[in-house]
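Hi everyone, thanks for coming. I'd like to walk you through one structure today, so please have a look at the screen before I start talking.

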Amino acid sequence: MTREGRERLAQALAIVFVAGLSLALREDDFALFLVARVLIVVIACLGLNVQFGYAGVVNFAGATFFGVGGYMAAVLSRGTGVPHLFILVAGGIAAALAGCVLILPVLRTRGHYAALVTIAFALLFRTFLEVNDSLGGPQGLKLPELRIGPWRFNEPIALGRFEASFLLNYVILALFLAALAFALVVRVDRSWIGVQLDAVRLDETSAAAFGIPIARAKITAFTLGNFLAGVAGALSAHMVGFIAPNNYSFGESLILVSILLLGGIGNPWGLPLAAAIVIVLPEQLQVIQEYRYLLYAGLVILILLFRPNGLVPRPLRRLGGA
Amino acid sequence: MTLALFAQYVMNGAMLGMMYALVAVGFTLFFGVLDVIQFSHGDVLAAGAFLALGTWVALTKLGVVSPVLLLAAVVVVSALGTALLGAVFARTLVLPLKGAPQLNVLLVTLMMGTVLREAIRLFYPGGSQPQLFPALLPTTAYGVGGFHLRLDNAILLMAGALLIAATHFFITRTRIGLAIRAVAQDEETARTMGIDFRRIVLVTFGIGSALAAVAGVMDGLYYNEIFFGMGLLLGVIGFAAAIIGGLGNLYGAILGGFLFAALQTIGAVALPFASAYKDVFAFAVVIAIMAARPTGLIGERASERV
């Protein structure tokens, strides 16, 4: 079987696995919530993976772009009658547009300087949300249930004798979007855009010497990444039904980066595993819930010192042939 | 605005600027010798403040009442302890990753900051709540017109200025300072001249961290309150200050610190929106400065670091 064929098979198996798991857990609200949460975080981290892993553009405001998507969804679904499917896309677009504000400073700066720009943006956004009363201030905003056509997401599923928790709706949608995002990111990586992004990350000067438009490559990666984070944020906001500035702190951005690093930076295949570990583990072991930031930070330090390529390191790109 | 009110704002801005400058000097020193950003610097500052508070609690329990003795002990223990902490970080996390991708160093220090911050929150008694910091300086106020100059604030300002001057003297006039500048300029050449590179790095991290600890104590004395998360904002502000001044440049760091404080004060006082937006304004200006001058106002110059 070719490599592409193997990857397709693995993708199909992963989807079947998640679907089967969700069906088995169909009456357990909390478990379904965690499954959906992992899928949503995977979408956001896929976005960060394009930025950090492919283009080498640092973004320490992942949770911020996630939040922009969430707040966009809240504002649209509370104030307008826009169909909810469009709201998810609008969340992504809002995050991508918010990222555009940063494009100039991110393009012109490198390394530490670029990191500062995104960190400053993360703190700016959070402070802004806390002091801005029209967006709910520190108390946050409530969101109505998600509806796509006749499909009402907060109603329990009942088809004949089959019954399931309403959260299964969100799992289905999140799984669909995660599969879509995954396919997109893998295809970007395999395309010439992916090769260009790699070249830009590894050596900007020689990439420029080969005529690769560096600015365009970086803007593409940054915007695509923020878009994915925004879509994930909008879906998450609807699922939880409530958003507040505390959900989008700098610490949350660092957790997203930890997942990326744990999974193996630049390799989307490790992300689901890493996201599952980082999200499910503290929920199952309540003892460590309180210590989760401490543990993740320690874990990431150990990974960086002893296994800097993550759990599932990125394989070498093979150009041409199977 | 009356003159007295204006003077009050200037005084307040100067206090903030002094703290930011102390933090920024640390960033710039680390960048000078090792070309790295120590992102946990802000949390080192918080650790220094909590170390100071812990020392004070321990000493008062032991029955020490002399305010001079208390203050001296608090500052010395905090500065030395934090210097040690900074050196240990450099030895265990930053030096081993020398030569690794920049992103890894950045992440390691960011995560170390998180570890430190969470450790304070979880393990300091009542650490998740803001802690009252004792007023160790005389709080007599001198009124001139409507302006009140508090003695403790004046002392803090003087102490900060003296400390920065002392650091400058140390870097430019002593043998170790010379070695630090040599390493900053060219590590390889410095090594061939017989300079112990590792030792210089550790010393520099010690000095920078001790400065942060003093800034932390100043913050506690000024606001009478410290908080486990205080380092995050102060660290980012200090880093922003070091960067807008131009990394690796001591004067730039000081300038950047006062500039950021000025921005915050202007944002709080002189602009037409609510004062709660002062940080939003200040960070927006920082982002704009980065876009306009990507390596800071004074600019990174290879020939003169530190």
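**A walk through two chains**

Let me begin with A:Ala55, which sits in helix H2 of chain A, residues 29-55. A word on what I'm showing: this is a predicted model, where local features need pLDDT of at least 70, side-chain atom pairs count only at pLDDT 80 or more, and totals for chains, interfaces and linings use all residues. Residues are numbered from 1 along each chain as its sequence is written, while chains are lettered from A and ligands numbered from 1 in the order in which they are written.

Leaving aside residues up to four places away in sequence, A:Ala55 touches A:Val50, A:Leu197, A:Val200, A:Arg201, A:Ala217, A:Lys218 and A:Ala221. Touching, or being in contact, means that the C-beta atoms, placed from the backbone, lie within 7 Å. As for A:Leu143, it is 88 residues from A:Ala55 in sequence and 35 Å away in space, C-alpha to C-alpha.

Staying in chain A, please find A:Asn169 in helix H6, residues 167-190. A:Asn169 is buried, with 23 other C-beta atoms within 10 Å. Its contacts, not counting residues up to four places away in sequence, are A:Phe153 and A:Ile157. A:Trp151 is 18 residues from A:Asn169 in sequence, and their C-alpha atoms are 8.8 Å apart.

Now for helix H1 of chain A, residues 3-24. This helix has 22 residues and reaches 31 Å from its first C-alpha to its last, close to the 32 Å expected at 1.5 Å a residue. That expected span is 1.5 Å times one less than the number of residues. How many residues of H1(A) are buried? The number is one of the 22, so H1(A) lies largely in the open.

**Where the chains meet**

On to the interface: 34 residues of chain A are in contact with 37 residues of chain B. On the chain A side, the elements giving two or more residues are helix H4 (84-108), helix H5 (111-131), helix H10 (250-263) and helix H13 (292-306). Which of them gives the most? That is H5(A), with 14 residues. By class, this side of chain A has 27 nonpolar, five polar and two charged residues. Here Ala, Val, Leu, Ile, Met, Phe, Trp, Tyr, Cys and Pro count as nonpolar, Asp, Glu, Lys and Arg as charged, and the others, Gly among them, as polar.

One helix pair across the interface deserves a moment. Two packed helices are described by the angle between their axes and the distance between the axes. The axes of H4(A) and helix H11 of chain B, residues 278-292, come within 8 Å and cross at roughly 50°. These axes are lines fitted to C-alpha atoms, for helices over the stretch in contact, and angles run from 0 to 180 degrees between N-to-C directions. That angle makes H4(A) oblique to H11(B); under 35 degrees would be roughly parallel, over 145 roughly antiparallel, 65 to 115 roughly perpendicular, and the rest is oblique. In this pair, A:Leu104, A:Pro105 and A:Arg108 meet B:Ile287, B:Met290 and B:Ala291.

**Over in chain B**

Let's finish with helix H4 of chain B, residues 102-123, whose 22 residues reach 31 Å between the first and last C-alpha. Of those 22 residues, 17 are buried, so H4(B) is largely enclosed by the rest of the structure. B:Leu122 lies in this helix, and B:Leu122 is partly exposed, with 14 other C-beta atoms within 10 Å. Not counting residues up to four places away in sequence, B:Leu122 touches A:Glu290, A:Tyr291, A:Leu294 and B:Gly127.

Thanks, and I'm happy to take questions.

Terms used
Contact = placed C-beta atoms within 7 Å. Helix = DSSP H or I, 4+ residues; strand = E, 2+ residues; numbered from the N terminus. Buried ≥ 20, exposed ≤ 12 C-beta atoms within 10 Å, placed from the backbone.
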